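Let's take a friendly walk through a protein model, stopping at a few residues and helices along the way. Keep the structure open beside you as you read.

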Amino acid sequence: MALTINTNISSLIAQRNLNNATNALNTSIERMSTGYTINHASDNAAGYSISKMWVTQLGSIDVASDNAATGADMLTTAEENYGLLTSHLQRIRDLTEQASNGTYGSSSLKAIHSEIVARLNEINRISANVEFNGIKLMDGTGVGTGGLNIQVGLYADSNSRINLSSSLFASANLTGLFTSMAGTQSPGTKTLSELLTGAKSGATVADLKADANQSIEAFAAVCSGLKYNSDGSMVLQQTEKYEPIQMLGFIDSALDDISGRVTKIGASQNRISSAVSSLDVQSQNITSSLSTLRDTDIAKESSNYIQAQILQQASATLLSTANQLPSVALNLI
């Protein structure tokens, strides 16, 4: 190679290698300081796109898990309040069976009547007030006919949702629990409407709600073996027509209704728990794949860093030497 002054090829070579070593050193520093091998699309175009998609999916999985947890909390709220209704109905049943014994006088039956009225009103109060995030769970108005959908997946299809039937949230007040009981429980017994009307004129099954004390009082009267006179006083029933024992079947039907709802709630909770477990598996696997694709192998990158550092130092030294080569021409002049 000719000895020239204007063009120093050796210096250009050293500069190029110094730039390459410096770029490699900066890349290693960036990867070790961020912990990622892919910091820009230019690092790995395909890998960058895939990693962004996985990050989006992980975010969606987190939201789906939160949705599932919220849905489970809502069902737990409903289940526990159904438990309260069950305890009140069971106590009413016990009192009704007690009143059927025939060994209690008027004053004792009136005491039973008072407790039953209080518990019936409490059933209506609970069913009207139970809500979750503004959704009424037990008054029959908070959930539409299509039920509620719990979003537990990443997509918009039905496989990403768990539907909670509207029957889980049907009215659980006295009207909702007893309105459908228009027929007789067994041959020879009276309908619930006949029992209520017999205990108090004008009382109907459809009016068994918080603002219809007349029907609630009639219900309690039948359960306690009493009836109302036209002047509002209570006297013993004509037991051959309106025995309290006839109410046990109706109360049992209401208890069965609540039990059926709670059973469905339990099944839905199991589905939600399964969905959460599936989401956890998805999250773990995607996170593992994302780590393999994107995370920096510090041991490997530290070796690259040392190599780039040595090359940078060597290139800088050689560049200094190469820059002095044109001065050799002075010896020939």
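## Ser51 and its neighbours

Leaving aside residues up to four places away in sequence, Ser51 touches Leu290, Leu293 and Arg294. This is a predicted model, so every contact you find here belongs to a prediction. Ser51 itself sits in helix α2, which covers residues 45-99. Is Ser51 buried or exposed? Its relative accessibility is 3%, and because the cut-off for buried is under 20%, Ser51 counts as buried.

Sequence and space can tell two stories. Ser51 and Ile286 are 235 residues apart in sequence, yet their C-alpha atoms are 9.7 Å apart in space.

Arg294 belongs to helix α7, residues 247-294. Besides Ser51, the residues it touches include Gly35, Tyr36, Thr37, Ile38 and Val55, again not counting residues up to four places away in sequence.

Side chains of opposite charge can pair when their charged atoms come close. Which side chain of opposite charge is nearest to Arg294? It is Asp295, 4.4 Å away.

## Salt bridges

How many salt bridges does the structure hold? There are nine. One of them joins Arg91 and Glu115, whose closest N and O atoms are 2.8 Å apart. This pair links distant parts of the chain, with Arg91 in helix α2 and Glu115 in helix α3 (residues 106-129), 24 residues apart. Arg91 has a relative accessible area of 31%, so Arg91 is partly exposed. Glu115 is also partly exposed, because its relative accessibility is 25%. Arg91 and Glu115 are part of a salt-bridge network with Arg119.

A salt bridge also joins Lys200 to Glu217, with 2.6 Å between the closest N and O atoms. Lys200 lies in the loop between α5 (192-199) and α6 (213-224), while Glu217 is in helix α6, so the bridge ties together parts that are 17 residues apart in sequence. Lys200 is buried because its relative accessible area is 16%, whereas Glu217, at 25%, counts as partly exposed. Elsewhere, the side chains of Glu131 and Lys136 meet at 3.4 Å, N to O, in a salt bridge. Glu131 is partly exposed at 41%, and Lys136 is partly exposed at 24%.

## Helix α3

At 1.5 Å a residue, its 24 residues should span 34 Å, and its end C-alpha atoms are 35 Å apart, which agrees.

Which residues of α3 are buried? Among them are Leu109, Ile112, His113, Ile116, Val117 and Leu120. An α-helix has 3.6 residues a turn, so residues three or four places apart point the same way. The buried residues of α3 pack against α2, α4 (174-178), α6, β5 (226-228) and β6 (234-236).

## Helix α6

Helix α6 has twelve residues and reaches 16 Å from its first C-alpha to its last, close to the 16 Å expected. Why is α6 described as largely enclosed by the rest of the structure? Because nine of its twelve residues are buried. These buried residues include Ser215, Ile216, Phe219 and Cys223.

What do the buried residues of α6 pack against? Their partners are α2, α3, α4, α5, β5 and α7. Just after α6, Gly225 takes a positive phi of about 80 degrees.

Helix α8 (298-323) has 26 residues, and its first and last C-alpha atoms are 36 Å apart, close to the 38 Å expected. The buried residues of α8 are Glu301, Ala308, Ser315, Leu319 and Ala322. Part of their cover comes from α1 (9-34).

Leu325 is found in the segment after α8. With a relative accessibility of 38%, Leu325 counts as partly exposed. Together with Leu3, Val328 and Leu332, Leu325 makes a nonpolar surface patch of about 380 Å².

Terms used. Residues are numbered from 1 along each chain as its sequence is written. This is a predicted model: local features need pLDDT of at least 70, side-chain atom pairs count only at pLDDT 80 or more; totals for chains, interfaces and linings use all residues. Side-chain values use heavy atoms; hydrogens and water are left out. Helices (H or I, at least four residues) and strands (E, at least two) are DSSP runs, numbered from the N terminus. Buried means under 20% relative accessible area, exposed over 50%, partly exposed in between (1.4 Å probe, protein chains only). Lys and Arg count as positive and Asp and Glu as negative; His and the chain ends are not counted. A salt bridge is a side-chain nitrogen of Lys or Arg within 4 Å of a carboxyl oxygen of Asp or Glu. Contact means heavy atoms within 4.5 Å. Patches are made of residues with over 30% relative accessible area and no salt bridge: like charges are joined within 9 Å, nonpolar side chains (Val, Leu, Ile, Met, Phe, Trp, Tyr) within 5 Å. Accessible areas come from the Shrake-Rupley method with a 1.4 Å probe; for residues, only the protein chains shown count as cover. The expected span of a helix is 1.5 Å times one less than its number of residues.
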